[in-house]
Amino acid sequence: MEQGKGTEAQQIGPSTNNATTAEINKKLTDAEVEDLIDASLRGRQNSYSPYSKFKVGAALLTEDGSVVLGCNVENVSYGLAVCAERTAICRAVVEGHRKFKAIAITAEMGDTFVGPCGMCRQTMVEFGLDWEVYLAMPNKKYMKTTVAKLLPDSFNPAWVTFT
Ligand code: THU
């Protein structure tokens, strides 16, 4: 596994040491994480990726408990591809959600966790730093991280004043 190597300890997979949710600093229970990963796999089934053939699914858990799915949507004009994370976030915003607890992202690249691209990281930062990101594989193995960890020292909306 390449991701997470040499960084602060990350939780890989469900807790096995009887730790409580608080002890391992997760906002979600193991069951909620599994449900969110299942949802992201459902989103992944709709991936429109005829060019890259790289299917990505996402599932966002909103503060009010809704789950919003996303998948990557490509275009013959290749640069127009939209990632699964951003389709989920845009869809959630359209549905009136702006507060998120977590996102699960599922893609398949052997035994490597696939991290979100820079554009998706900045899109996540727009909606807060303190929410969780679960990078998952189709076999449901996952790595937990956070928006803040994925984009440290980010350009932050809190710095911009609206008049
Ligand atoms: N992709 C995502 O959907 N999310 C990511 O985090 C990385 C990349 C998509 C974009 C494109 O459709 C395909 O994966 C190959 O880059």
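My entries follow, grouped by place.

**Ground rules.** I am reading a predicted model, in which local features need pLDDT of at least 70, side-chain atom pairs count only at pLDDT 80 or more, and totals for chains, interfaces and linings use all residues. Residues are numbered from 1 along each chain as its sequence is written, and side-chain values use heavy atoms, with hydrogens and water left out.

Entry 1: I started with the record: an unreviewed UniProt entry puts a "binding site" at Cys83, Cys117 and Cys120. UniProt positions are in the numbering used here, feature names are shortened, and annotations may be inferred rather than shown by experiment. Why do I say these residues gather at one spot? They span 38 residues in sequence, yet no two of their C-alpha atoms are more than 8.4 Å apart, so they do gather. Cys83 and Cys117 are also in the lining of the largest pocket.

I found Cys83 in the loop between β2 (67-71) and α2 (84-94), and Cys117 in the loop between β3 (100-106) and α3 (118-125). Helices (H or I, at least four residues) and strands (E, at least two) are DSSP runs, numbered from the N terminus. Cys83 is partly exposed at 23% relative accessible area, and Cys117 is partly exposed at 32%. My cut-offs are under 20% for buried, over 50% for exposed and partly exposed in between, with a 1.4 Å probe and protein chains only.

Leaving out residues up to four places away in sequence, Cys83 touches Cys71, Asn72, Cys117 and Cys120. Contact here means heavy atoms within 4.5 Å.

**Entry 2: the second annotated stretch.** The unreviewed UniProt entry also places a "binding site" at Asn72, Val73, Glu74, Asn75, Val76, Ser77 and Tyr78. I checked Asn75, which lies in the loop between β2 and α2 and is partly exposed at 29%. Beyond four places in sequence, Asn75 touches Tyr51 and Leu80.

**Entry 3: strand β4.** Is β4 mostly covered or uncovered? Five of the five residues in β4 (132-136) are buried. Glu132, Tyr134 and Ala136 make up one side, and Val133 and Leu135 the other.

β4 runs parallel to β3, joined by five bridges, with Glu132 as the bridge partner of Ala102. Strands count as paired if DSSP finds at least two bridges between them. From β3 the chain goes through α3 to β4 in a right-handed β-α-β crossover; with the strands pointing away from the viewer, the path from the first strand over the helix to the second runs clockwise.

β4 also pairs with β5 (142-146), in the antiparallel sense over five bridges, and Met143 is the partner of Leu135. Their hairpin has five residues between the strands, and there Lys140 takes a positive phi near 75°.

**Entry 4: a buried valine.** Val68 lies in strand β2 and is buried at 3%. Its contacts beyond four places in sequence include Ala58, Leu60, Ala88 and His97.

Conventions:
1 Å grid on protein atoms, 1.4 Å probe; cavity = no way out; pocket = protein on both sides within 12 Å on 5 of 7 lines; lining within 4 Å.
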